[in-house]
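Welcome! Here is a short tour for anyone meeting this structure for the first time. Have a look at it below, and then read on.

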Amino acid sequence: MDFYFGLAQIIGVHTLIGLSAYIVLLTGQVSLAQAGFFAVGAYVAGMLTVLAGWAILPALAASAVLGAVVACAVGFPALRVKGLMLVIVTLAFGEGVRLFFFNFDYQVAKGGVKLGPLGSEGFRQIRYFPENGWTTMDVMLFIWVFVTLAMALLWWFDRSRYGAVLRAVGEDELAAQSVGLNLTAVKVSAMTIGGAIAGLGGGIYAHYTTHIEHASFGILLATFALAYPILGGLGSVFGTLLAAMFVQGFLVEGLRFLGDWRNLLFGALIVLAMNVRPKGFLDAPTLLGLKRLFGGKSGAA
Amino acid sequence: MLDFFQSLSDGVLFGSTYALIGIGFTLVFGVMHKLNLSYAAASVGGAYCGLLVLQVFAGAPPVVVFFCAFLAGGLLGWLVYLTCFHFIPISNPLATLMATVGMLLLIDEIIVHLTAGMPVGYPAMFDDVMLRMGEFTVRGDLLMVFAVSMLCMGGLLALLYKTRLGLATRAVSQQTVAALLCGIRVGQVNAMTFVITGLLGGIAGAMIGASVGTLSPLLTTPLTTKGLIVTVIGGLGSVPGAIIAGLLVGGFENVLQQYRGVTERDLYVMLLLFVFLVFRPGGLFAPKGGRD
């Protein structure tokens with residue numbers, strides 16, 4: 001059973017990072033920096049519980065806040081440039097964060113053992129969960145509480161004025177600007193919220209793997225983060241969840257028997273999926289169909 | 001001081017490969033207003049394909065290997081166009097972007113799979129030649145890399161400014177709709193752009209292999225970021241900008257490697273990018289007003 005709990009943990013964390021990319025994508029911006037915010041959150045939360053002896057909740061709050069601050073700081077210069085330039089800038093930023101942690105040493109001796117991040121060796125012994133006697137199921141439930149909260153928040157955004165503003169900017173910047181929306185404020189706020197969610201996800205990730213290293217936060221993770229909302233479709237937050245379950249549950253775990261070939265299949269499947277369903281699994285017509293099936297009221301869409 | 005000039009000149013010579021990669025990104029962006037993120041991976045893939053010649057004719061001269069890498073790069077470029085651009089509606093930039101990322105992972109994994117993740121040696125030319133001027137030396141293989149890259153860039157510029165295909169390419173990149181109205185087959189021009197950038201990429205990959213001495217799948221990520229940084233610093237869509245920015249980044253990173261070590265070097269390249277973004281967001285040669 002622990003295997004499935006572990007899998008659910010992975011899916012939960014990946015959903016979080018997918019959601020962080022989702023809200024940025026709603027404004028029409030493609031950010032490959034989410035892995036960077038995730039890394040910041042992971043290192044901060046790990047250092048706070050291990051080195052400063054904080055409890056998990058304040059540490060996660062701190063990682064979310066720091067993720068948001070970094071995202072906001074990146075957002076301002078980066079969003080001066082548009083569209084595809086942003087992809088490049090955020091890619092470079094993500095790699096920059098990774099390289100920073102690759103060179104980052106901060107070790108403190110505690111009880112005869114040196115703890116803390118050590119450059120390319122990574123950060124070992126983030127043992128808050130085992131030390132406090134949490135079982136795998138406790139950790140999984142803990143993670144899914146946050147996933148549910150984040151999804152509920154974004155779902156609620158979609159039904160509020162703010163969500164409409166985000167989508168308006170994403171659909172047509174010129175039109176959004178001409179009805180008086182402040183583009184920079186909208187984009188930076190989306191980036192900040194995304195950063196907070198990614199930071200939170202990173203903090204959780206650091207604690208359930210107990211060992212983080214710079215290599216885990218590379219371009220591959222950034223790609224995964226983007227892949228979930230794009231594969232799932234931007235119509236609804238559930239698309240991201242669905243895609244994270246599909247990729248982590250089926251492609252990564254379910255196809256493990258294929259060995260090395262699995263990784264080959266992953267790239268090929270993305271290419272194929274984008275050719276067949278360029279708007280994702282849950283695109284607007286599909287969502288409408290699902291609504292008809294379950295609710296009957298299709299006019300609201 | 002000598003160290004400084006030595007590493008600067010080595011870096012600038014090697015930077016010519018970054019310039020080639022940057023040109024590839026910039027050309028596709030100019031013509032289609034899309035990013036082809038799989039480009040650097042395809043270039044390295046082309047270089048690997050060049051090695052296949054050695055499997056068939058053991059002891060083939062390096063020139064043949066380079067030429068095959070050149071051709072294979074072109075073929076890969078066309079394949080990328082077909083899989084990631086041709087069938088996906090133009091109004092959906094996210095899907096093409098994601099598809100190229102998928103392609104990047106796919107090419108990367110194919111390389112890892114076929115070589116078991118181990119670096120493989122790459123043939124070089126003139127690697128035993130050393131030009132000496134007192135204490136100052138110029139490595140023969142780097143000089144060859146520089147010369148070949150410059151030759152390719154010259155060829156590309158001639159193609160862009162002297163031939164009908166080049167005229168069509170520039171027309172599409174300036175105004176796609178107007179080009180369409182003039183009877184230019186935009187789809188064909190797009191495909192040709194991918195083939196041309198692929199050819200350049202193949203030779204860039206081969207040159208990198210020749211000057212480093214080995215090829216490894218680990219090259220693709222740094223090469224992708226460097227190529228994109230070169231593109232931004234040079235100004236998106238500007239070919240001369242990409243050339244100058246490539247040489248600049250190459251020199252810059254090698255000097256910093258000299259003083260700060262190899263692990264920190266790339267960090268400063270990122271910083272250079274952010275400096276440019278803050279003070280000159282359009283890059284060195286920003287196209288006048290034509291940015292979308």
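Predicted model: local features only at pLDDT ≥ 70, side-chain atom pairs only at ≥ 80, totals over all residues.

**The largest cavity**

- The volume of the largest cavity is about 40 Å³.
- Which residues line the largest cavity? Chain A is represented by A:Leu84, while B:His33, B:Lys34, B:Leu35, B:Pro93, B:Thr96 and B:Leu97 complete the lining.
- Helix 4 of chain B provides the largest share of this lining, with 3 residues.

**Where chain B meets chain A**

- Contact between the chains involves 42 residues of chain B and 41 residues of chain A.
- The size of an interface is often expressed as the accessible area lost when the parts come together.
- Here, chain B and chain A bury about 3,700 Å² between them, and 81% of that is on carbon and sulfur atoms.
- Three residues, B:Leu94, B:Met98 and B:His113, supply 17% of the area that chain B buries against chain A, more than any other three residues.
- On the side of chain B that touches chain A, the elements giving two or more residues are helix 4 (93-115), helix 9 (220-234) and helix 11 (262-279) of chain B.
- Of these, helix 4 of chain B gives the most, with 14 residues.
- That side of chain B is made up of 28 nonpolar, 9 polar and 5 charged residues.
- How many salt bridges and polar contacts link the two chains? The count between chain B and chain A is 0 salt bridges, and there is 1 residue pair in polar contact, with both residues at pLDDT 80 or more.

**Salt bridges**

- Side chains of opposite charge can pair when their charged atoms come close.
- Over all chains, the whole structure holds 8 salt bridges.
- One salt bridge joins the side chains of B:Asp266 and B:Lys226, at 3.3 Å from N to O.
- B:Asp266 belongs to helix 11 of chain B and B:Lys226 to helix 9 of chain B, so this pair ties together parts that are 40 residues apart in sequence.

How values were computed: Residues numbered from 1 in each chain as written. Chains lettered and ligands numbered in written order. Heavy atoms only, no water. Contact = heavy atoms within 4.5 Å. Buried area = accessible area lost by both parts, 1.4 Å probe. Salt bridge = Lys/Arg side-chain N within 4 Å of Asp/Glu carboxyl O. Polar contact = N/O pair within 3.5 Å; in protein donor to acceptor, adjacent residues only side chain to side chain. Helix = DSSP H or I, 4+ residues; strand = E, 2+ residues; numbered from the N terminus. Nonpolar A, V, L, I, M, F, W, Y, C, P; charged D, E, K, R; others polar. 1 Å grid on protein atoms, 1.4 Å probe; cavity = no way out; pocket = protein on both sides within 12 Å on 5 of 7 lines; lining within 4 Å. Points joined across faces, edges and corners; volume = space filled by probe spheres on them.
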